[in-house]
Amino acid sequence: MDKIEHIGIAVKDLAVSNTLFEKLLGVPSYKMEEVASEGVKTSFFKSGPNKIELLEATNADSAIAKYLEKKGEGIHHIAFAVDDLEAEIKRLEGEGFVVLPGFPKNGADNKRVAFLHPKGTNGVLTELCQDLG
Ligand code: ZN
């Protein structure tokens with residue numbers, strides 16, 4: 001695994017949170033993108049070398065909607081950059097980590113992504129993402 005690629009934050013209202021994070025970080029969102037297959041709308045911010053991804057649910061069945069219902073707004077996941085997603089998944093499965101069903105698949109921001117089950121990672125939903133260039 002490489003550096004932390006971004007931190008994902010679940011929000012109820014992306015428009016409201018976009019304004020909030022613009023004020024907080026002092027920069028506007030540089031990209032908004034809907035990932036229909038995941039039922040999310042995302043917004044990305046860069047602050048120095050760091051990236052923040054805001055996630056809003058676009059339907060009641062989306063994982064973000066369920067998360068918000070259960071836990072409310074807040075840090076949803078931590079994403080690590082990887083060079084070779086398939087190799088990293090193999091390594092982690094060999095260590096006993098569980099990849100969530102349906103992954104890897106293409107995610108937001110031109111990345112191939114997979115998530116590790118939070119039960120195996122001290123409750124922290126962990127994303128692996130490989131830049132598709
Ligand atoms: Zn993410």
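## Buried and exposed

A residue is called buried when its relative accessible area is under 20%, exposed when that area is over 50%, and partly exposed in between. The structure described here is a predicted model.

Arg91 has a relative accessibility of 42%, so Arg91 counts as partly exposed. Glu88 has a relative accessible area of 11% and is therefore buried.

## Salt bridges around Lys111

The structure contains 9 salt bridges. One of them joins the side chains of Lys111 and Glu5, at 3.6 Å from N to O. Lys111 is part of strand 7 (residues 111–116) and Glu5 is part of strand 1 (residues 4–10), so this pair ties together parts of the chain that lie 106 residues apart in sequence. Both Lys111 and Glu5 are buried.

Lys111 also forms a salt bridge with Asp109, and here the closest N and O atoms are 3.6 Å apart. The relative accessible area is 6% for Lys111, so this residue is buried. Asp109, with 9%, is buried as well. Through salt bridges that share partners, Asp109 and Lys111 belong to one network with Glu5, Lys31, Lys51 and Asp131.

## The zinc site

Which residues coordinate the zinc ion? They are His6 and His77, each through NE2, and Glu53 and Glu127, each through OE. The distances run from 2.0 to 2.2 Å. Along the chain, the donors follow the spacing H-x46-E-x23-H-x49-E.

His6 lies in strand 1, whereas Glu127 lies in strand 8 (residues 126–131), so these two residues tie together parts that are 121 residues apart in sequence. Both His6 and Glu127 are buried.

## Geometry at the zinc ion

Why is the arrangement of donors described as irregular? The 4 donor atoms around the zinc ion subtend angles of 85 to 172°. Four donors count as tetrahedral if all angles lie between 85 and 135 degrees. The range around the zinc ion extends to 172°, and the arrangement is therefore irregular. For comparison, the ideal angle for four tetrahedral donors at a metal is 109.5 degrees.

Key. Residues are numbered from 1 along each chain as its sequence is written. This is a predicted model: local features need pLDDT of at least 70, side-chain atom pairs count only at pLDDT 80 or more; totals for chains, interfaces and linings use all residues. Side-chain values use heavy atoms; hydrogens and water are left out. A salt bridge is a side-chain nitrogen of Lys or Arg within 4 Å of a carboxyl oxygen of Asp or Glu. Helices (H or I, at least four residues) and strands (E, at least two) are DSSP runs, numbered from the N terminus. Buried means under 20% relative accessible area, exposed over 50%, partly exposed in between (1.4 Å probe, protein chains only). Donors are N, O and S atoms within 2.8 Å of the metal (3.2 Å for Na, K and Ca); water is not among the atoms, so sites may look incomplete. Four donors count as tetrahedral if all angles lie between 85 and 135 degrees; four count as square planar and six as octahedral if opposite donors are over 155 degrees apart and all others between 65 and 115; anything else is irregular.
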